[in-house]
Amino acid sequence: MAIREILTVPDARLKQVSKPVEGGVTDEIRALMDDMLETMYDAPGIGLAAIQIGEPLRVIVMDLQENDEKNPRFFVNPEILPLTEDTAPYEEGCLSVPDVFDEVERPTECRVRYLDYDGNEIEEVATGLFAVCIQHEMDHLEGTLFIDHLSRLKRQRAVDKVKKAKRLKDKEKSAA
Ligand code: NI
């Protein structure tokens, strides 16, 4: 397992549409998911899509860490279907847009179908934080970030903030 670099805006790779995993959940895909999980825990965050570490594949890892317990979840080739027209706002953040948080409105309930770590086909209903997170991560697979749901002004501000923070960090690194 290895901690990988997380891409941040405005990296153009985040805009790619990720490709389905062909040939099922192989050891290679499991190794990718292990890296993703370690990278996500290290960040720390509660969800990560493969494209965030530069791999344009339809793979997501997640751990909502409810009850302070580790409960990693893995989604290969996920598909979602909203189950209600009811939406609710939730203050979202993203490891590719560090230190930016804003409300996004999404359906409160959806059906999720995917292959898990062992390649089993799972279908379940997502509500609450799980519903928010899986929809946020599914967006990544289409090259969409949560800030794309905000106004143009807010989006630009977010990108500028991340760019500025990265410049400072790079400067510190080169000075060290
Ligand atoms: Ni994200």
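Modeller: With pairing: two strands pair if DSSP finds at least two bridges between them. Strands (E, at least two residues) and helices (H or I, at least four) are DSSP runs, numbered from the N terminus. Strand β2 (residues 59-62) and strand β3 (residues 73-82) run antiparallel and are joined by 4 bridges. In that pair, V61 stands opposite F74.

Colleague: What should I know about the model itself?

Modeller: This is a predicted model, in which local features need pLDDT of at least 70 and side-chain atom pairs count only at pLDDT 80 or more, while totals for chains, interfaces and linings use all residues. Residues are numbered from 1 along each chain as its sequence is written, and side-chain values use heavy atoms, with hydrogens and water left out.

Colleague: In what order do the strands of the open sheet come?

Modeller: The order is β1-β2-β3-β6-β7, with antiparallel pairing. β1 (47-49) and β7 (121-127) are the edge strands, each pairing on one side only. From one strand to the next, the twist averages 40°; such angles run from 0 to 180 degrees between N-to-C directions, with axes fitted to C-alpha atoms, for helices over the stretch in contact (heavy atoms within 4.5 Å). Helix α1 (residues 27-42) lies across β1, β2 and β3, at about 40° to β2.

Colleague: How many bridges join β6 to β7?

Modeller: There are 7, and strand β6 (residues 109-115) runs antiparallel to β7. C110 stands opposite A126 there. The two strands form a hairpin with 5 residues between them, and G119 in the turn has a positive phi of about 85°.

Colleague: Which residues coordinate the nickel ion?

Modeller: Donors are N, O and S atoms within 2.8 Å of the metal (3.2 Å for Na, K and Ca); water is not among the atoms, so sites may look incomplete. Here the nickel ion is coordinated by C94 (SG), H136 (NE2) and H140 (NE2), at 2.1 to 2.3 Å. Their spacing in sequence is C-x41-H-x3-H.

Colleague: Why are H136 and H140 separated by about one helical turn?

Modeller: Because they are 4 residues apart in helix α2 (residues 128-141).

Colleague: Is H136 buried or exposed?

Modeller: Buried means under 20% relative accessible area, exposed over 50%, and partly exposed in between (1.4 Å probe, protein chains only). H136 has 6% relative accessibility, so it counts as buried. H140, at 0%, is buried.
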